[in-house]
Amino acid sequence: MSAGPRCPVCAEPCLWPRLLPCLHSLCARCLRRLGPLGEPGLAAPLSALCPLCDAEVALPPGGPGHLIPDYLAGSRGRMATAGGCDLCAEGAAVRRCRTCGAQLCLFCCQAHRRQKKTASHAVVELENTKDCSQAGKPLFCPSHPTEELRLFCEQCDQPVCQDCVADRHRQHPYDLTSNVIHRHGDALRELLKDTQQHMSILEDVLGQIDDVGSAIRSHAEDVAAEICLFASGYVKAIEEHRDRLLKQLEDLKVQKENLMHLQKAQLQQLLLDMRTGVEFTEHLLTSGSDLEILITKGVVASRLAKLNSIAYNTHPSVDDGIQFSPQERAGQCCGYEVFGAILNKVVDPARCTLHGEDLQSARQNQLTGFTLLCNDTTGEQMQRGGEAVRVTITHKDKKDCAVEPTVCDNGDGTYHISYSPEEPGLYGVCIYVKGQHVQGSPFTLMVKNKFREHQGVFHCCTFCSSGGQKSARCACGGTMPGGYQGCGHGHKGHPGSPHWSCCGQVKESSECLGGPPSGTSQRSLLRTVVL
């Protein structure tokens, strides 16, 4: 008989395999060897490290023995082999006995039907991968071993048998597995689609990292050649200075490559984990039976959702900025003043700061601005310009309303950003340097309404009561710019045509020094001037 599936850890025949939350399958012996990471006695379930991917996985309260059985381990093992006959191990399997699960060649199939014990067995053609799995085998309830799992409890999200429905799952909503498989299978396919999209992005990022690595090595070689050419004109002092520069360059290159390799290793591990999840899920959906999909669906969905929620940087964590400046003073070397230094001063967006009197407020149709100070990785100001600075100012309520800012490069590491908002309201402001947010970005900007005059007519008697002063205030307490309303008393400097712009609030106790106009009572005058 051909060898069955083997455990990926111990390489022994995989007996009673069970599925870890990371979707790796281990035999019962290797599961017992898992070392728990949690402390005994805690309420939370213990966890362990997967020996294949080093992921920390949660164990059920009952221990590894209560993990979900891996029903597809056998089919995966058979698919990985040549697909030979299970009886003679020589001929190619062309049919399968649905009763005993053996794969048979044509000769053994005929013998299988002639034997008295197996004559009644149902033998079918090997048409697809699902037929090669345990699709034809009934799965029995672990709580009621004589009952087949045919129902699915919606509340508990697990397959159950008839006795379970009458016992522990009484009054729980349930349905036949054949009726719910489409909905749950579609949910897994959506998660699978999202994971595949993440895999595509990760592969692109890894390609970018490889390109940056090649550029770093290429630029490092170019700078090394330039350093050697510059140092060839000097004797011992210059040669020593050259060696020192090459050592600094090597350290810088190693530092950048170490950071790049760290990011690459993290992304590769994430991609490997996702690929494992995708391969398992694809195999589950294509090779598993409806019941197998429903049984395994929970742990698969949990794993894919966890992988999809992991944040990762879509850009290389380092750049290829390595430059050499032969005009830079490098101090003394062997008594000689030498020139030439490696410029590794690179702007760090996280250390760039914003400066201004009031960054978070502005006035409608009024030009305002602030200053961006670019610093390097040590927090020191960049002494040169030319950085890629991008600013966006977008209205939070009106998505089509945006302000076009002006960025002025001062050439000394500072940039002045000016803008004039046309609409009042809340805006979201984002400042990017080299495509990354600077310190304090994004932030909210409140644009207030422009200054506007009070609406209404200024009560003339308030003017009169003030002695004819233009700085008189209305009952609302505001100073009235503009003209003033004549009260008809012919006061000096109090013409009758212009009027004060006001909110229309007046005090009934305000009396005109000359009294109301002829034929008009104080009360009626108030009614005529209040809006």
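A: In this predicted model, Phe152 has Pro159 in β10 as its bridge partner. The pair belongs to the contact between strand β9 (residues 151–153) and β10, which run antiparallel and are joined by 3 bridges; strands here are DSSP runs of E with at least two residues, helices are runs of H or I with at least four, and both are numbered from the N terminus. Residues are numbered from 1 along each chain as its sequence is written, and side-chain values use heavy atoms, with hydrogens and water left out. Local features need pLDDT of at least 70 and side-chain atom pairs count only at pLDDT 80 or more, whereas totals for chains, interfaces and linings use all residues.

Those two strands belong to an open sheet of 3 strands, ordered β10-β9-β11 with antiparallel pairing, where pairing requires that DSSP finds at least two bridges between the strands. The edges are taken by β10 (158–160) and β11 (174–176), each of which has a single partner strand, so one side of each is left without a neighbour in the sheet. From one strand to the next the twist averages 35°, such angles running from 0 to 180 degrees between the N-to-C directions of axes, which are lines fitted to C-alpha atoms, for helices over the stretch in contact. Helix α6 (residues 177–231) packs on this sheet, touching β9 and β11, and its direction makes about 100° with that of β11; contact means heavy atoms within 4.5 Å.

By class, the contact of α7 with α8 has 10 nonpolar, 5 polar and 3 charged residues, with Ala, Val, Leu, Ile, Met, Phe, Trp, Tyr, Cys and Pro counted as nonpolar, Asp, Glu, Lys and Arg as charged, and the others, Gly among them, as polar.
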